[in-house]
Amino acid sequence: MDDLYDPNRNDPTRNDLNGNAPNGRDPDGNEADGTARHGADSRGNTPTGEGPGAAVLPPVPDSVPNSTPERIPSGGPDADRIRIGLWGAPRSGKTTYLTALPLAAMQHQRHHDGGWNISGMTEEANAFLSRGMDLLTRQRAFPEATMGVREMAWSIQGPKRKGKLGLGSRRPGFVLDIQDAAGEVFGDGHPQQAQLVGQLARSHGLIYLFDPLGDAEKATESFNFLQSTLTQLTAQVRNRQGLVDGRLPHYVSVCVAKFDHPDIFRPAVEAGWVTQDTVGAQLPRVPAEQGEKFFEWMCDDFRGANARLVRDALHAYFDRRRISYYATSAVGFRLTPQHVFDYKDYVQPVDVDGTSRLRTSPEPINVLEPLIDLEERIHRDRSRERGLGGRLGGKRR
């Protein structure tokens with residue numbers, strides 16, 4: 001007769017009448033067929049260290065390498081961030097443009113009042129800046145083309161500027177969000193095109209690199225990588241009700257790239273578009289007030305055909321009043337030992353063992369200026385909107 005109360009009735013380690021443990025295990029914790037229980041040794045110890053005489057596991061090393069802790073990037077509130085999208089067909093020079101940007105910022109004070117400085121918001125962004133500076137100035141080499149899409153954030157600080165009529169002043173300082181993408185990503189049907197279009201849609205300004213040399217080749221024809229992106233970009237901005245009078249709201253700096261190349265520079269000189277400084281390095285340039293007409297000439301007379309479609313597309317999708325134009329070179333011209341331009345010997349790149357190298361330290365032309373212009377126009381637009389909002393708010397109260 002069973003006891004009315006058996007304190008071992010629910011004990012999971014209690015053996016049955018044959019000496020076997022419940023669930024078909026023997027008293028040693030092995031299965032009834034003699035095999036050892038999975039995950040336990042002959043004494044019933046498990047890898048977790050349970051049971052008497054459990055093995056001591058070795059300590060787990062830190063999974064984070066010993067390095068300087070990185071703080072959260074502090075570039076001001078998101079409202080102060082200016083997102084700039086970098087745009088262009090394959091081999092139009094987007095990565096070289098970015099690599100030359102910090103060098104152009106350092107050299108800006110040679111020809112203008114005050115200097116600009118650029119620093120990365122992350123270790124990765126700082127590493128890009130350092131590698132790029134070393135590549136252009138010490139190694140005198142071009143960067144490799146970007147593969148896929150790369151995102152970076154840079155803090156850009158400028159000299160203090162006086163307001164209109166000398167009243168007030170401000171020091172331009174903003175965070176630049178850059179999306180550097182391979183030109184192929186802009187092509188119709190590319191798997192990363194949607195990602196890139198989304199980034200461009202969130203941008204406040206766009207730097208569009210127009211490469212007249214690449215436009216002459218079918219594989220890198222500018223219009224092939226422009227129209228598809230424009231239609232998708234317009235659809236995204238339209239869906240969030242961001243169009244302005246039916247056009248994209250972005251400010252755009254159109255840069256005619258590779259201005260230093262003889263196949264572009266010489267025809268521009270012969271057509272009368274180029275002037276030359278009379279002081280300093282006596283650099284040649286297309287006057288700022290002639291930028292738009294120079295681009296028109298580049299599309300109508302120099303390139304023609306699809307280049308005209310590029311111009312027409314830009315005018316159709318953007319407000320023409322929000323577009324500015326530049327003749328740009330990321331590496332500039334070769335200068336004499338006296339640091340003066342020489343028309344009979346100005347070509348900068350030279351072939352060395354099958355690799356394109358720079359003959360002298362780069363002197364970027366209109367690399368920083370398009371960015372400064374974008375910041376000024378976006379800042380002016382935001383200030384006007386804030387002022388209008390304040391006046392309307394005052395009326396409502």
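The axes of helix 7 and helix 8 come within 8 Å and cross at roughly 150°. Helix 7 and helix 8 are therefore roughly antiparallel to each other, since an angle over 145 degrees counts as roughly antiparallel. The structure described here is a predicted model. The protein has nine helices and 13 strands, and 44% of its 397 residues count as buried. Among contacts between residues at least 6 apart in sequence, 71% join residues at least 24 apart.

**Packing of helices**

- Two packed helices are described by the angle between their axes and the distance between the axes.
- On the side of helix 7, the contact with helix 8 is made by Phe295, Glu296, Cys299, Asp300 and Arg303.
- Helix 8 contributes Ala307, Arg308, Arg311, Leu314 and His315 to this contact.
- Helix 7 also packs with helix 6 (residues 262–270), at an angle of about 105° and with the axes 12 Å apart.
- Helix 6 and helix 7 are therefore roughly perpendicular to each other, as angles of 65 to 115 degrees are classed in this way.
- In this second contact, helix 6 supplies Asp263, Ile264, Pro267 and Ala268, while helix 7 supplies Phe294, Trp297, Met298 and Phe302.

- Side chains of opposite charge can pair when their charged atoms come close.
- The count of salt bridges in the model comes to 14.
- One of them joins the side chains of Arg311 and Glu296, with a distance of 3.1 Å from N to O.
- Arg311 lies in helix 8 (residues 306–317) and Glu296 in helix 7 (residues 291–303), so this pair ties together parts that are 15 residues apart in sequence.
- Both Arg311 and Glu296 are buried.
- Arg311 also meets Asp312 in a salt bridge, at 3.3 Å from N to O.
- Arg311 has a relative accessible area of 12% and is therefore buried, because buried means under 20%.
- Asp312, by contrast, has a relative accessible area of 40% and is partly exposed.
- A network of salt bridges links Glu296, Asp300, Arg311 and Asp312.

**The surroundings of Arg322**

- Arg322 forms a salt bridge with Asp381, and the closest N and O atoms of the pair are 3.9 Å apart.
- This pair links distant parts of the chain, 59 residues apart.
- Arg322 is in the loop between helix 8 and strand 11 (323–327), whereas Asp381 is in helix 9 (residues 369–396).
- Both Arg322 and Asp381 are buried.
- Arg322 also lies over the face of Tyr251, at 4.5 Å from the ring centre.

**Aromatic pairs**

- The structure holds 19 aromatic pairs.
- In one of these pairs, the ring centres of Phe128 and Trp154 are 5.9 Å apart and the planes are at 35°, so the pair is tilted.
- Phe128 belongs to helix 2 (residues 123–137) and Trp154 to strand 3 (residues 149–157); the pair links distant parts of the chain, 26 residues apart.
- Phe128 counts as buried at 8% relative accessibility, and Trp154 is buried with a relative accessible area of 0%.
- Ring pairs also link a cluster made of Phe259, Phe265, Trp273, Phe294, Trp297, Phe302, Phe333, Phe341, Tyr343 and Tyr346.
- Of these cluster members, Phe294, Trp297 and Phe302 are also among the residues of helix 7 that make the contact with helix 6.

**Residues with positive phi**

- Most residues other than glycine have a negative phi, and most peptide bonds are trans.
- Gln241 has a phi near 60°, a positive value in a residue other than glycine.
- Gln241 is placed in the loop between helix 5 (227–239) and strand 8 (251–256).
- With 76% relative accessibility, Gln241 counts as exposed, because exposed means over 50%.
- Gln282 likewise has a positive phi, near 55°, and is a residue other than glycine.
- Gln282 is found in the loop between strand 9 (275–276) and strand 10 (284–285).
- With 29% relative accessibility, Gln282 counts as partly exposed.

Definitions and conventions: Residues numbered from 1 in each chain as written. Predicted model: local features only at pLDDT ≥ 70, side-chain atom pairs only at ≥ 80, totals over all residues. Heavy atoms only, no water. Salt bridge = Lys/Arg side-chain N within 4 Å of Asp/Glu carboxyl O. Helix = DSSP H or I, 4+ residues; strand = E, 2+ residues; numbered from the N terminus. Buried < 20%, exposed > 50% of the residue type's maximum accessible area, 1.4 Å probe, protein only. Phe/Tyr/Trp six-rings, centres within 6.5 Å; stacked < 30°, edge-to-face > 60°. Lys NZ or Arg CZ within 6 Å of the ring centre and 35° of its normal. Axes fitted to C-alpha atoms, helices over the stretch in contact; angles between N-to-C directions. Parallel < 35°, antiparallel > 145°, perpendicular 65-115°, else oblique. Contact = heavy atoms within 4.5 Å.
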